[in-house]
Every structure is written in C-alpha cells, then in structure tokens.
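Hello,

Here is the structure for you to look over. My notes on the fold and the charged side chains follow below.

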Amino acid sequence: MTPSAILESALYVTDLDAAEVFYRDVLGLSLISRVDGRHVFFHCGQGVLLLFNAEATKIPPSPNARLPVPPHGATGQGHLCFAATAQEIERWKTRLEAQGIAIEADFEWPNGGRSIYFRDPSGNSLEFAEPRIWGL
C-alpha cells in the first residue's frame, strides 16, 4: 500500500491574524475554521492548508479531550509549493508584486517548468510551480 495523496499540509506561523489575512485576501483561499490563538484552516484545491501557532500545538491534549491530537510543531521557516500553470504563474507574479510582496526567485528548472518564490508574513517560503518540475 502507498498513500494516494497528501490531504493536509501544515505551516507554523507567528501571527494568526496576519496569516489569515494573507492566505485569504492575497492568495484567495477559503476559510474552513479558526480557533483564536491556535490555528486557521483553509481549503486549497482538493486539500487543506493548516496554519498553526506552534507554541499552542506543542501542548499535549487533556486526558478527556474530544479530539486528542498529539502535540506537534516546528520552528523556523517552512516551505509550501502551490501548483500553477505557466500562465497562472505570470498572473500570480503580477498580483503578488501589486500587493508589495517581493518575488525572491523566478526561474525555469533545467528539466522544464517555472517556479516563483515569495514569503508569507511569518517568513515561510512559498512557491508557485508548474507540476512538470516533478514530471507531473
């Protein structure tokens, strides 16, 4: 057996309010839920993007928790790549730059496909790339 897809992807953020505004208003993702001080969850295509306050998720659940999710977290800048066509990448670049978001890198991969890289308000490295960079 092998997994068929990634259902959830998680990033850890330092400011949930700023993250919610960025992922909702700049990237256009649809909000699923929010728990103040802990997380903000968004729909992203067929998957879900989980944004956590790492300090809150390091705390183990109480013995009688309704949802006993084990503690987790990360420190430092994470990375996430969104799939996009070549035309979409060009439109994303224009949209991000219009919002004052710097494009850190914009290049063609040696085996084909383009990527652009930028940062979210917490410093996580985000990317839009053509799936063909992975032969997809």
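The chain has 3 helices and 8 strands. Helices (H or I, at least four residues) and strands (E, at least two) are DSSP runs, numbered from the N terminus. Their order along the sequence is β-α-β-β-β-α-β-α-β-β-β.

This is a predicted model: local features need pLDDT of at least 70, side-chain atom pairs count only at pLDDT 80 or more, and totals for chains, interfaces and linings use all residues. Residues are numbered from 1 along each chain as its sequence is written, and side-chain values use heavy atoms, with hydrogens and water left out.

Of the 136 residues, 36% are buried (under 20% relative accessible area; exposed is over 50%, partly exposed in between; 1.4 Å probe, protein chains only).

Now the salt bridges. The whole structure holds 11, each a side-chain nitrogen of Lys or Arg within 4 Å of a carboxyl oxygen of Asp or Glu.

- Glu 20 pairs with Arg 34 at 2.6 Å, N to O. The two sit 14 residues apart, in helix α1 (residues 16-26) and strand β2 (residues 30-35). Glu 20 is buried at 12% relative accessibility; Arg 34 is partly exposed at 27%.
- Glu 104 bridges to Arg 119, with the closest N and O atoms 3.0 Å apart. Glu 104 is in the loop between α3 (86-98) and β6 (105-108) and Arg 119 in strand β7 (residues 114-119), so parts 15 residues apart in sequence are tied together.
- Glu 55 meets Lys 58 at 3.2 Å, N to O. Glu 55 is exposed at 51%.

One network of salt bridges links Asp 17, Glu 20, Arg 24, Asp 25, Arg 34 and Asp 36.

Best wishes
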